[in-house]
Each structure stands twice: as structure tokens, then as C-alpha cells.
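The following note collects comments on the nonpolar cores and on strand pairing. Please read the points alongside the sequence and the structure shown here.

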Amino acid sequence: MEPPVLSCNTDATTFSNGNCISDFDIITWFEDVSKNAGSVQTQTLCNILKQNCGVEYLKKWLGSYNISDMDACELESLFTSLVPLASHADFEPYIQKIADGDTTPILTQQPMTTLSLSSGTTEGRQKFVPFTRHSAQTTLQTFTLAAAFRSRVYPTREGGRILEFIYSSNQFKTKGGLTVGTATTHYYASEEFKTKQEKTKAFICSPYEVISGGDYKQSTYCHLLLGLFLSDYVEFISSAFVYGIVQAFCTFEEVWKDLCNDIRDGTLSSRIKLPKMREAVLCIISSNPSLASKLEASCLELEVVDWFGLVPKLWPNAKYVCSIMTGSMQPYLKKLRHYANGVPLVSGDYGSTESWIGINVDPSLPPEKVTFAVVPTFSYFEFIPLYRHKQDCCLVPGHDFMEDDPIPLSRVKVGQEYEIVLTTFTGIV
């Protein structure tokens, strides 16, 4: 029997039967699909192929097969034997057609109005990646799952606030009229982002006008100001990547006096010039001389110790700091630990622009020992075993390891190194 699907609508997080679920239910759902990862993955691939049946890319290999009448196991066998592994370069001609305005089903049957920009860490340049409603929905599911695991270790108060240093980047239009921006920019503008806050009953300190302002310095100042104004209510501090938190605190060292003055007088620094941002922030803050004096005294003490312990001093109810802290973000951990002085650092979840992959199932572990568990309903995952020394394998160009044929998620082994291959609902295989 196919396990229930974790789905999210604009009212609540629900199982497919429509019943609202608790953190316990969410974790139980995840444990169920993980125990049955093999069959869940087979069904996930079946769903992907049947939803995208007839798209231009797949017709080359599966065009002569009646996919809609095949069962999940047949489809998995057919797909893995006929459809070759591909890199982003293989998809670029198709994505360019979409960007130029071709509305025929090229990579996916889902309506395509938005493209994401990748980080550029894979090939040294940013790439276009399809972004659909499904992309935003799986982001909400990732955050919902991760929050459920975090709440078991670090319970937070309902109605608390999140000091989240998040930013929307500038967007532009392609020749065909599609909106291009980072995946996070698209998510912050989605209904799913609002749903996340409603569902968790934990709202970020800053309004959307601060997130979407498009000026990093002005947005950072306002994030800090509102985070301080609501300091007693802040349950945790977050950002997409850890460098965003470290940079924000470095900015704080320079502007803390202006921030305290704004809180004392209920004003907003003249450095904030964007009208919508100013209006939104001034609707939230008000004059609070006692809070300003308290913050000012704390900052004077922190200056003496080079801002050691800034987090617990200014946000005494913050349970943890959460962000992506792995890979290229690790060099920022030393500075963040200086600011945090014992406040737990929780590594964010594992994903790519193409798809979310896994969640942090043990938030109590330090970032250097973080463990991610693959969510088998997000995409179809294959794993290419990588070996340092092995005969009869193909040498991977530019690397000191070799690779074998890809295997499914259900056959991965602890301790083996792998490269992940994704087949997504948005058409990337």
C-alpha cells in the first residue's frame, strides 16, 4: 500500500485524507516512507513519468511506450534502462526554448512561468533551472519536516518570532516573458512561505517589504532593528546560509548605536531610503526608551569582549541558530560560535536548486557531524558509487576517484561515497 503523502495547502499541513497533522504525525509519516523507501521511490518515479508523459525530452526514449498503462515497477525498469544519465548541459537547449517563450510541454507538463538561477557552485557559473508550484510546495514540506525534528530537541513557544536574515534578489524577465531569480526569491514570494508561518505559528520579525527591498544593506539594518525591537520574543535566529548571519552581526557592530537611537525614539535611520520598506518598518516599531537603554548597556559590555556572546546577550530566549553550515559555509562557524557563546548551532537541510534532497534528522549534532536523511517523495534519487581505487571502473575526469553504475536509494550502503543523480518533477532527469 502506498504510504500517505505529506501535502501542504494554504490552510494547513495535511495528510492526503485531509486531516491536520502534528509534529508527531509528520515524523511518523517520514519514518514510514523511509522504512519503505524502495517502494516509495518506485512510486515517486511513476508519478513523475505519468505527470510528464509526452514531454519533448522524454519522447526520445519513451515516446513509443504507453506510459499511462504501465505499473510503477515496469516504469522504473524501463526508465533506468533506456533514459541515460544527463548533465545540465544536456538540458540547456530545452531550457533555453522555455526561456524564449515556447509553451509546449518540453521538460514538464506543469505550467512554466518561472526559472531559478543556480548558485553557480557546480560549474562555476549560474544556470537556469525550472521552478514550478511543486518547487515551492516541496520547500514548504522540507521546512515543515525539519521544524518537527528541531522542535523535539529545542521546543519553542507558539507565537514566538524568528529573527531571519533573508533577502530576495533582483528578478528579470527572459525573452519569452518568464521571471528569473533565485529559488529562495521565488519561495519568499509564494503562498507556501506565508503558509509556513501560519502552520508553525512562528512569524519572522521582518515584513515582506524588508525581505524584497532589493538593497542588502538597508534590509539588513531593518532585520536587525526589528529583531532587537522584538528581542524578548525571538525563539531562534536563521538565514539561508550561515555567512548571512555572520555578516549581519558584523554590520551590527558598526550600527548598534543608530539602532538603539531608533528604538528609543521610535524612528528609522535616514539610511533607509526605500519608501515601502520605511513605511512597513515604521508601522511596527514605536518608542521604547527602557528597551533602548537596556540594549545600549548590553552593547557597551559586548564591545569590551569583542562581541563574544552577542546572541544570548541580546536575544536571551533564542534556543538555537539555524542555517546551512556545511561545505563552503564551514569557515564561518568559528566566528558564529564566537557570537553564539554556547547557543546551539543547527545545520540547515540538504538540497540543490533542482530539488530538495534530505533533512537534518538530529539537530543536536554539531554542524561538522550533521546527518541528512533523504526524503524519498521529493524526487527520484540514484546514487553513483565513487571509489578511490578500483579496477574495471570509468575514471571520472578531473578527479582522483572512479565510478560504478548508479544504484537506487534502497541499495545505498553506510560508509560508501556516492554522487547523487536526481530525476525531478520539474523535468530535470
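Contact here means that heavy atoms lie within 4.5 Å of each other. The model under discussion is predicted.

1. Residues up to four places away in sequence being left aside, Leu310 touches Phe249, Phe252, Leu302, Trp315 and Tyr339.

2. The largest nonpolar core comprises 51 residues, and those touching the most other members are Ile237, Phe249, Phe252, Leu310 and Trp315. Two or more residues of this core come from each of strand E5 (161–165), helix H10 (216–229), strand E9 (234–241), helix H11 (242–265), helix H12 (275–282), helix H13 (289–304), helix H14 (310–314) and helix H15 (333–340). The greatest contribution is that of H11, which supplies eleven residues.

3. Another core, of 30 residues, lies apart from the largest one. Its members include Ile67, Phe91, Ile95 and Leu178.

4. Which strands pair with E7? Strand E3 (residues 114–117) pairs with strand E7 (residues 179–182) in the parallel sense, over four bridges. Strand E6 (residues 172–173) also pairs with E7, in the antiparallel sense and over two bridges.

Definitions and conventions:
Residues numbered from 1 in each chain as written. Predicted model: local features only at pLDDT ≥ 70, side-chain atom pairs only at ≥ 80, totals over all residues. Heavy atoms only, no water. Core = buried A, V, L, I, M, F, W, Y, C linked by side-chain atoms within 4.5 Å. Buried < 20%, exposed > 50% of the residue type's maximum accessible area, 1.4 Å probe, protein only. Pairing = 2+ DSSP bridges.
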